[in-house]
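Dear colleague,

I am passing on the structure we spoke about, together with some notes on what turned up when I went through it. Please read the notes with the model open beside them.

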Amino acid sequence: TDNTSICLINRFQMSDDIAGMPYWEEPKKSNESQTMLKVYNSLTRSKVTFVPKGDNVLWYICGPTVYDQSHMGHARTYLHFDILRRIMTDYFNYDVILVMNITDIDDKIIVRANAKQISFTELAKHFEDDYLDDMKSLNIRPPNHLTRVSEFVPEIIAYIEKIIANGFAYEANGSVYFNVEAYHNDQRHHYGKLLPEGLGNAELLAEGEGSLATSSTNEKRNSADFALWKSSKPNEPKWESPWGIGRPGWHIECSVMASKTFELYGDGCMDIHSGGIDLRFPHHDNEIAQAEAHYNCGQWVSYFLHTGHLHIKGFKMSKSLKNFITIKSALETHSSRQIRLLFLLHKYNDPMDYGDNTMQSALSAEKTFVEFFHAVKNSLRKAENNSKMDQLDSSLVEKLEMCKKMVRIALCDDFDTPTAIKSILTNLVKPVNRYIQEKHENEANCNGSVLRSIGEYVTKLFAVFGLIESNGSDIGFGVSSSQTDASKEQQIGPILDVLSSFRTKVSFLLLLAL
């Protein structure tokens with residue numbers, strides 16, 4: 001008896017724990033490596049584990065240069081990154097702070113405004129409003145901070161002064177240029193982190209300087225140097241600066257707006273920077289160089305994410321090819337939900353084609369999910385709640401749990417939404433249809449708890465993807481606030497009821513015939 005008492009006392013008294021409490025073993029995650037988010041980082045050209053620096057995820061996305069209507073190339077970037085942002089916030093529960101700029105000072109804006117004989121501010125404001133309307137129509141969430149170049153000119157001037165003071169920029173004839181050679185030769189820095197093979201590409205460098213650039217080779221110390229501040233010419237916007245009347249260069253604008261906004265949350269550096277893949281060089285590489293020259297740091301951005309190219313029926317979108325598609329014209333043909341579903345069926349950083357064939361796959365998927373939601377809700381009206389599960393019910397629960405795991409693995413793998421959608425179709429939609437059919441054939445009611453769990457899971461996941469507005473406990477797409485995106489489920493519900501009943505009767509007659 002004494003030995004038993006001593007043994008019990010030893011079990012219940014641990015030196016590091018509260019006296020008298022029994023031993024507790026901390027649960028260990030299975031397949032932990034599969035539950036960690038990995039992203040394809042353009043800085044490493046590989047998938048790496050995502051680890052934010054602080055409590056917030058600080059994310060900057062290059063916004064539009066507002067001189068013309070927004071097109072499907074813009075949709076490729078902003079809609080796909082909206083999907084990624086929603087997954088990070090609503091699925092992985094990160095606290096994302098998104099900053100996006102509006103470039104309202106640029107050579108393209110000046111040329112267009114002068115051609116129309118209106119002020120550059122009037123032109124920029126018109127197309128900014130037009131762009132924001134398009135983003136709203138696509139159900140893209142607004143950023144936490146929207147910045148405009150015209151509102152950051154004093155900060156841009158101070159930022160450039162610091163780069164000059166650090167020895168990485170110089171003034172010439174009223175303009176200021178970044179000294180690429182001085183920066184690249186500094187042991188703390190490296191120029192061309194994203195696209196080193198782009199260095200020396202004269203066409204890319206000229207495009208980065210803008211169509212109004214007229215600086216002679218004598219003005220720059222090196223042909224690779226780029227403008228931080230441009231001396232203004234007649235009919236160009238202008239501001240006072242230590243170097244004379246001028247305006248900001250293109251690349252410096254993003255560096256300053258991102259840095260100064262993120263200084264509200266820390267040191268001005270960020271976790272994620274994103275944009276279209278065509279901006280890697282020189283724009284994004286120059287952004288990095290400017291910021292790291294300003295802060296004298298080695299890493300301004302931890303993860304760089306880029307969307308892939310968009311083609312129209314196999315060809316690059318171009319006005320000369322007459323395949324230039326604005327967002328407004330695309331929405332005249334298809335709903336915002338259908339376009340979003342198309343994007344979900346493509347990986348954000350893979351090349352993507354927009355055309356009749358690819359849209360047909362999105363329309364087919366939408367039809368399948370509309371019918372799925374209707375079948376689930378139709379069966380729930382006649383289902384038995386809180387009933388004991390039979391073999392069919394148990395098998396369906398196993399399918400649901402398998403689907404949850406597969407979806408999580410897919411989303412952890414660099415936001416692989418095509419695989420996630422395929423998993424829902426394979427592991428839930430098809431099995432649920434078979435389950436409902438077999439229940440009908442057995443003249444048995446479906447298990448309401450099981451069906452509701454599946455319907456709610458798919459609805460919740462689609463809300464994460466932005467396909468469904470938050471609609472409380474309702475299952476399915478519901479009724480959209482937009483008449484152009486009205487729920488087909490509501491429109492064809494009565495028809496699907498008749499079809500469902502007809503299929504059941506046909507199946508029963510076929511069984512009798514056998």
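How many helices and strands are there in the protein chain? There are 16 helices and 14 strands, where helices (H or I, at least four residues) and strands (E, at least two) are DSSP runs, numbered from the N terminus. Please bear in mind that this is a predicted model, in which local features need pLDDT of at least 70 and side-chain atom pairs count only at pLDDT 80 or more, whereas totals for chains, interfaces and linings use all residues. Residues are numbered from 1 along each chain as its sequence is written, and side-chain values use heavy atoms, with hydrogens and water left out.

Of the 514 residues of the protein chain, 48% count as buried; here buried means under 20% relative accessible area, exposed means over 50%, and partly exposed lies in between (1.4 Å probe, protein chains only). Taking contact to mean heavy atoms within 4.5 Å, 76% of the contacts between residues at least 6 apart in sequence join residues at least 24 apart.

Two helix pairs

Helix 13 (residues 391-412) packs against helix 15 (residues 448-465) at an angle of about 15°, and their axes are 10 Å apart. The axes are lines fitted to C-alpha atoms, for helices over the stretch in contact, and the angles run from 0 to 180 degrees between N-to-C directions. Helix 13 and helix 15 are therefore roughly parallel to each other, given that angles under 35 degrees count as roughly parallel, over 145 as roughly antiparallel, 65 to 115 as roughly perpendicular and the rest as oblique. The crossing of helix 13 with helix 15 is left-handed, a term that applies if the near helix is turned anticlockwise from the far one by less than a right angle, with clockwise giving right-handed. On the side of helix 13 the residues that meet helix 15 include Leu396, Val397, Leu400 and Cys403, and among their partners in helix 15 are Ile454, Tyr457 and Leu461. By class, the residues of this contact of helix 13 with helix 15 are twelve nonpolar, one polar and two charged; Ala, Val, Leu, Ile, Met, Phe, Trp, Tyr, Cys and Pro count as nonpolar, Asp, Glu, Lys and Arg as charged, and the others, Gly among them, as polar.

The axes of helix 12 (residues 356-380) and helix 14 (residues 417-441) come within 11 Å and cross at roughly 40°, and these two helices are therefore oblique to each other. Their crossing is left-handed. Helix 12 contributes Thr368, Phe369, Phe372, Ala375, Val376 and Ser379 to the contact, while helix 14 contributes residues including Ile421, Leu425 and Val432. The contact of helix 12 with helix 14 has eleven nonpolar, two polar and no charged residues.

Loops and helix 11

His334 sits in the loop between helix 10 (327-333) and helix 11 (336-344), and at 15% relative accessibility His334 counts as buried. Leaving aside neighbours within four places in sequence, His334 is in contact with Ile339, Tyr354, Met359 and Leu363; of these, Met359 is 25 residues from His334 in sequence and 8.7 Å from it in space, C-alpha to C-alpha. Helix 11 is itself mostly covered, with nine of its nine residues buried.

Asp414 is found in the loop between helix 13 and helix 14 and is buried at 1% relative accessibility. Not counting residues up to four places away in sequence, Asp414 touches Lys38, Val39, Tyr40, Lys47, Lys347, Tyr348 and Asn349.

Backbone and cysteines

Asp414 has a positive phi of about 60° although it is not a glycine. Gln117, in the loop between helix 3 (107-116) and helix 4 (120-137), likewise has a positive phi, near 60°, but Gln117 counts as exposed, at 74% relative accessibility. A cis peptide bond, with omega about 5°, joins Phe281 and Pro282, and Pro282 is placed in helix 9 (residues 280-295).

The structure holds zero disulfides, a disulfide being a pair of cysteine sulfur atoms within 2.5 Å. For Cys269, which is in no disulfide, the nearest cysteine sulfur is that of Cys297, 4.4 Å away. Cys269 is buried at 7% relative accessible area, and Cys412 is buried at 2%.

With best regards
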